Amino acid sequence: MYSFEPNEEQQMLMDAVGKYAGNDLRPAAHEAEESRELPKKLISKGWELGLLQASIPESYGGFGERSAVTGALAVEEMAFGDLAGAFAVMTPSLFATPIFLAGSEEQKKEYLPKVIEGDWSPYTAALIEYAFDFDPLALKTTATLEGDQYILNGEKAFVPFAKDAEAMIIYANLDGQTQGFIVSRGAAGLTIADEREMLMGLNALPLYRVKLEDVKVPASNRLGGASGHDFELVLASMHVASASAAVGVAKASFEYSVNYAKEREAFGVKIAQKQAIAFMLAEMATEIEAIRLLTWEAAWMLDNGKEDAVKQAYLAATGAADMVLMVTDRGVQILGGHGYIREHPVEMWLRNGRGFAMLTGLAIV
């Protein structure tokens with residue numbers, strides 16, 4: 001059985017990330033959203049917490065062991081501060097974690113130290129495609145084996161830091177299976193859009209379209225080597241990260257709404273005493289706790305190799321997408337007219353929360 005009590009190391013990590021989220025990410029979130037730019041010092045400070053480094057063994061340049069549960073705890077705390085900032089700090093994980101989970105020994109030794117031993121560097125990954133029927137298990141981007149190399153064709157959307165990425169993992173359809181391919185910066189046929197994506201939320205996070213036109217990738221750069229890898233385990237880790245981030249955003253909106261309701265008066269009483277408001281807050285809290293426990297269970301199942309871990313991670317992600325939209329919408333409602341103006345962060349949390357249904361592939365634990 002798993003425990004609901006964080007161990008000493010997990011608690012220390014949560015405390016450190018919580019301080020960073022509250023003291024650094026949250027105060028900078030509004031300006032970053034408006035200016036569409038995250039200060040580099042802010043990202044570097046988050047990187048120095050060592051979340052990724054602590055999940056990679058010493059043999060590959062890290063100083064710890066991977067734990068999906070620990071990752072989920074950390075992602076929730078960071079997203080509580082700001083979602084765009086959290087995704088920015090975690091972007092190198094999109095490249096390093098799949099290599100650690102599914103890469104060949106040669107790939108681990110070649111790439112992991114490059115990512116984690118130095119300062120934050122924009123290594124990234126491209127999974128999402130701009131299609132109404134996007135399915136990570138049935139991608140439109142294709143990979144075709146020709147001799148000793150693969151030929152990639154397709155288009156990817158919402159790729160974080162693609163413009164400056166040293167390398168990225170491109171996920172493509174190879175004979176009906178989703179497989180990852182390591183593509184270096186400047187590869188022939190790889191085109192990064194000049195303009196950033198324009199989205200409803202996450203405006204501080206630089207996201208780009210990526211086109212692949214007959215991009216040649218050495219066979220040795222297929223994630224996992226010649227035999228490939230099990231993408232479902234990578235996807236499950238993405239689902240747990242997405243669910244954890246959603247819980248963090250929802251918790252931020254809920255706590256802000258509670259504090260506002262306790263202070264705001266209408267007709268001589270605090271609005272928190274109004275039955276309609278109290279019921280909304282109770283439902284928000286209930287849904288947050290339910291999805292948090294579902295997410296923790298999925299993470300624990302991944303750590304322990306349980307048979308239904310992939311299914312549980314999917315349930316956590318889909319449940320979290322519904323939950324965060326409901327909670328952040330209620331947050332705007334509770335603030336009334338104040339919820340619709342940018343003076344209060346609940347409107348940003350609603351815009352960010354709306355995107356979780358399509359954000360799989362922007363974070364991984």
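This is a predicted model: local features need pLDDT of at least 70, side-chain atom pairs count only at pLDDT 80 or more; totals for chains, interfaces and linings use all residues.

## Helix 3

Helix 3 covers residues 68-81, which makes 14 residues. From its first C-alpha to its last it reaches 20 Å, close to the 20 Å expected at 1.5 Å a residue. All of this helix is hidden away: 14 of the 14 residues are buried, so helix 3 is largely enclosed by the rest of the structure.

## Helix 9

Among the buried ones are Val346, Met348, Trp349, Leu350 and Arg351. The cover over the buried residues includes helix 1 (8-35), helix 4 (83-102), helix 6 (231-263) and helix 8 (309-334).

## Thr141, a loop residue

You will find Thr141 in the loop between strand 1 (124-126) and strand 2 (142-146). Is Thr141 buried or exposed? Thr141 is buried, because its relative accessible area of 0% falls under the 20% cut-off.

The side chains of Thr141 and Glu129 are joined by a polar contact of 2.7 Å. Beyond its neighbours within four places in sequence, Thr141 has contacts that include Asn153, Tyr171 and Leu212.

## Met200, another loop residue

Met200 sits in the loop between strand 6 (190-192) and strand 7 (207-218). With a relative accessible area of 52%, Met200 is exposed.

Leaving out residues up to four places away in sequence, Met200 touches Arg351 and Arg354. Between Met200 and Arg330, the C-alpha to C-alpha separation is 18 Å in space, and they are 130 residues apart in sequence.

How values were computed: Residues are numbered from 1 along each chain as its sequence is written. Side-chain values use heavy atoms; hydrogens and water are left out. Helices (H or I, at least four residues) and strands (E, at least two) are DSSP runs, numbered from the N terminus. Buried means under 20% relative accessible area, exposed over 50%, partly exposed in between (1.4 Å probe, protein chains only). A polar contact is a pair of N or O atoms within 3.5 Å; within protein, one must be able to donate a hydrogen and the other to accept it, and residues adjacent in sequence count only if both atoms are side-chain atoms. Contact means heavy atoms within 4.5 Å. The expected span of a helix is 1.5 Å times one less than its number of residues.
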